[in-house]
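I opened the model to look up its domains and its nonpolar cores. My notes follow.

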Amino acid sequence: MKKIYLDHVATNPVHPEVLDAMMPYFKEHFGNPLSIYEHGMKAREAIENARSSTASLINAKPKEIIFTASGAEANNFAIKGIAYANQNRGKHIIISKIEHHSVLNTARFLEKSGFAVTYLPIDKDGVVNPADVEKAITKETILISIIHASPEIGTIEPVAEIGRIAKQKGVIFHTDAVASVGNVPVDVQSLNIDLMSFAAHQFYGPKGAGALYVKEGVRIVPLVYGGIQEGGRRAGTENVPAIAGMGKAAELAKRDLQKRIDYVKPLRDKLINNALKIDKVMLTGHPGNRLPNHASFVAEYIEGEAMLLLLSAKGIFAASGSACSSKALKASPVLISIGVPTHVAQGSVVFTLGEGTTEDDINYFNETFPQIISRLREISPYAKGWEGTEDSSCTAQK
Amino acid sequence: MGPSEAALKLVDNTHLRFLDKPVKADATTDIIYMMCPMHLLTIEEKIKEMERGQIVSILTDYDGALEDIPQWCNKTGNEFLGIYEDVDHYKFFIKKVQA
């Protein structure tokens, strides 16, 4: 049976060149980067090379990159670190209803410590209106954090404009760019970004490697205290192989980005065009301004989990969206925020393509997906017209 | 502590039932400081381990649980016995009804 992986937003395989770049740091160059002898020097050199190529991918300076263990850690670090560093100036933070839970739950945590949080709405395409950001800013506002691109519905946010407003008002601006860095060009200068989170496994690097870009001159309180690693801003002996891998993956992403986009976008468009021919299947997220490898839908009268099971039985591997919808019997907060009714939000499914996706894969998918929808609708009690009444949106963003 | 006014504004409080004293529970799970969706995942797992008729107590400080836990009980057919407000957290009591 074919095996078609359409969940590249969940994670990616490590690129062979990345793996080659990591291997020496498990064995011959195993040293602690703080050691002053040869072993340490080799490891330190690997980290600094990786810092340069990681910075280069986003048009930053090497010293503006702090390596972390994940995108979630970078998001926590950014939000807590900026909140604590600036709490004497004010205690108001602005985020949106489309944020990842690593931003959303961190903001909720800060609410319990006396910070006030504004959760901005999004429109039907999942877009945050920059005018809403401007209106929400008060004298107390110290931080704005708006996601760059949604892993769930693919929408790319008007981050450059929000960054411009933040700059004008003297508010620090963070963006969670985990889903976008490595998939679309990201330039922290032209996007007016002060802090940005991203993760290596989104662009064929290893898991366990992420980074926070912190613009030179922005003060941040560390999340982890201890040693002098990462300029004293993130203690702990570095994961040298993972960092070396992130550096190599960044180098490849910079070199191949346009090629990757040009390859994957027509395949993704073919998938979307075909899926939208199916009755009562709707695209979620922005139709045009979205991640080039991302297709997300809701199918009425069907459970997303049921679709995933049948797809997986046919060798197609995809996701249903947020952890809430898949694990906790909750409707996805992002889908509810863009106005999808609760019962329709249950029928959510996300397909994300990558370098390894072929034209044959998409043809096979395009044959299989409509058959699965028909089969599920035949057995679905909801297909007879249940509209649903309950409100089961996520309480984390209320 | 009791739910703050701000917390009560956050939730649909039509299902809330507060207790004057805690109920004797057969099992307790402490998820204080954990956030959405850990409360729902935890109940699901805990309920699986319990016998029908037994009572589980969930300790949490997550305000969203005020709405989610009664709704979860409603949806899954388990009995929501009520909430006891402790000093710095809530204690939710749920009786397993469904297998």
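Which domains does the domain assignment of chain A give? I found domain 1 (4-9 + 257-397) and domain 2 (16-253); the bounds come from an automatic or database domain assignment.

Before going on, I noted that this is a predicted model, in which local features need pLDDT of at least 70, side-chain atom pairs count only at pLDDT 80 or more, and totals for chains, interfaces and linings use all residues. Residues are numbered from 1 along each chain as its sequence is written, and chains are lettered from A and ligands numbered from 1 in the order in which they are written.

I looked up the distance between the centres of domain 1 and domain 2 of chain A, over C-alpha atoms: 28 Å. Their contact takes 23 residues from domain 1 and 27 residues from domain 2; contact requires C-beta atoms, placed from the backbone, within 7 Å.

Next I checked the side of domain 1 of chain A that touches domain 2. β10 (294-299) and α10 (333-337) each supply at least two residues, and α10(A) gives the largest share, three residues. Helices (H or I, at least four residues) and strands (E, at least two) are DSSP runs, numbered from the N terminus.

I then turned to the cores. A nonpolar core is a set of buried Ala, Val, Leu, Ile, Met, Phe, Trp, Tyr and Cys residues joined through C-beta atoms within 7 Å; buried means 20 or more other C-beta atoms within 10 Å of a residue's own. The largest has 120 residues, and A:Ile93 and A:Tyr213 have the most contacts inside it. Helix α7 (residues 240-275) of chain A gives the most to this core, 13 residues.

Conventions: Contact = placed C-beta atoms within 7 Å. Buried ≥ 20, exposed ≤ 12 C-beta atoms within 10 Å, placed from the backbone.
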